[in-house]
Amino acid sequence: MASPRVSRVQPIEPQFRRVNKVSISEDIAQQILDLISSGNLVPGQRLPSERELCKNFGAARSSLREALRGLSMIGVLTARVGEGTSVAADGGKFLGKIMEWRLITEKHDIENLLEVRIALEGIAAANVARDGSEPDIARLATLLGKMKSAVKDKKQFAALDLEFHVTLAKASGNSLLFDLISMIRNQLVTALEKLLLPQVRPLTYKEHAAIVEAIQHRDPDRARDAMHTHLQSSLARHRATMGEKIATKTMVPVGVKKPSSRLKAKSVPAALVEKGIAASPAGMQTAPEALPD
């Protein structure tokens with residue numbers, strides 16, 4: 001005869017307080033989250049029965065179930081028939097859902113997201129250079145070769161660019177880094193594709209080549225610096241593009257005479273013009289450097 005299953009419930013009931021907010025289910029959910037964050041509820045631990053929870057919260061069963069259902073949907077709790085409700089064993093799903101929701105609803109500025117990428121992906125590149133496996137590094141080199149072949153195809157080049165960064169993040173061996181980089185990168189897909197102009201793609205390829213070379217030489221500092229250079233260049237290209245859009249919106253219609261001082265175009269840093277990142281003051285794009293052999 002099988003021995004009865006031992007409950008993992010700890011004496012947490014005294015820590016619940018009676019709810020008094022307008023949104024009762026929200027208060028219940030917040031209390032449960034607070035208990036998890038403080039360590040009073042641990043992954044895998046089963047919650048008391050619905051009857052006990054309703055008594056401790058001083059809430060109706062409908063409000064309790066609404067709170068538990070919401071926490072289950074985002075992966076904080078796990079509910080199984082015959083086993084009750086317990087704290088999820090893996091918080092990764094919960095973290096991912098929360099981060100995705102924040103990125104979608106808060107409409108973060110593109111520059112802010114690019115700046116966060118600089119920090120996160122610099123660490124990822126250094127990790128791969130130091131600890132990455134040979135197969136992972138070989139995959140990055142293969143993607144780099146495909147990027148070189150697709151430099152004239154914007155759509156294919158953009159897809160390979162995305163795959164390169166996601167592959168590198170995964171190869172870093174840090175699952176949290178991978179999740180954060182993937183979520184941020186996915187929010188920037190459309191914006192980054194707009195920056196991959198014909199004259200920019202060869203430069204972007206060279207920047208990726210510098211990252212791979214540093215990783216192949218197992219040089220973490222150089223790999224981090226190469227990634228920083230690449231992402232800072234992306235940020236500069238975004239700012240230059242936004243500057244051109246603003247200038248276009250404020251252009252005076254043909255036939256309307258204005259003092260010449262008001263027609264003066266906003267100056268563009270010479271370094272950006274020389275690299276092909278931005279247009280020259282005359283509106284002509286500098287010729288892109290040839291791809292390395």
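In which helix does Glu207 lie? The model is predicted, and in this model Glu207 belongs to helix 10, which spans residues 201-216. The relative accessible area of Glu207 is 13%, so this residue counts as buried, the cut-off being under 20%.

Once neighbours within four places in sequence are set aside, Glu207 is in contact with His230, Ser233 and Arg237. The side chain of Glu207 also makes polar contacts with the side chains of two residues, as tabulated below.

| Side chain | Partner side chain | Polar contact distance |
|---|---|---|
| Glu207 | Ser233 | 3.5 Å |
| Glu207 | Arg237 | 3.0 Å |

The volume of the largest cavity is about 100 Å³. Its lining consists of Arg117, Asp161, His165, Arg185, Leu192, Leu195, Leu196, Thr204, His230, Ser234 and Arg237. Grouped by class, these lining residues comprise 3 nonpolar, 4 polar and 4 charged residues.

Which helices each supply at least two residues of this lining? They are helix 7 (154-171), helix 9 (189-195) and helix 11 (220-249). Helix 11 provides the largest share, with 3 residues.

The two topics share residues: His230 and Arg237 are among the residues that line the largest cavity, and both are in contact with Glu207.

How values were computed. Residues are numbered from 1 along each chain as its sequence is written. This is a predicted model: local features need pLDDT of at least 70, side-chain atom pairs count only at pLDDT 80 or more; totals for chains, interfaces and linings use all residues. Side-chain values use heavy atoms; hydrogens and water are left out. On a 1 Å grid over the protein atoms alone, a cavity is a set of points where a 1.4 Å probe fits but cannot get out, and a pocket is an open set with protein on both sides within 12 Å along at least five of seven lines; lining residues have an atom within 4 Å of a point. Grid points are joined across faces, edges and corners, and a volume is the space filled by probe spheres set on the points. Helices (H or I, at least four residues) and strands (E, at least two) are DSSP runs, numbered from the N terminus. Ala, Val, Leu, Ile, Met, Phe, Trp, Tyr, Cys and Pro count as nonpolar, Asp, Glu, Lys and Arg as charged, and the others, Gly among them, as polar. Buried means under 20% relative accessible area, exposed over 50%, partly exposed in between (1.4 Å probe, protein chains only). A polar contact is a pair of N or O atoms within 3.5 Å; within protein, one must be able to donate a hydrogen and the other to accept it, and residues adjacent in sequence count only if both atoms are side-chain atoms. Contact means heavy atoms within 4.5 Å.
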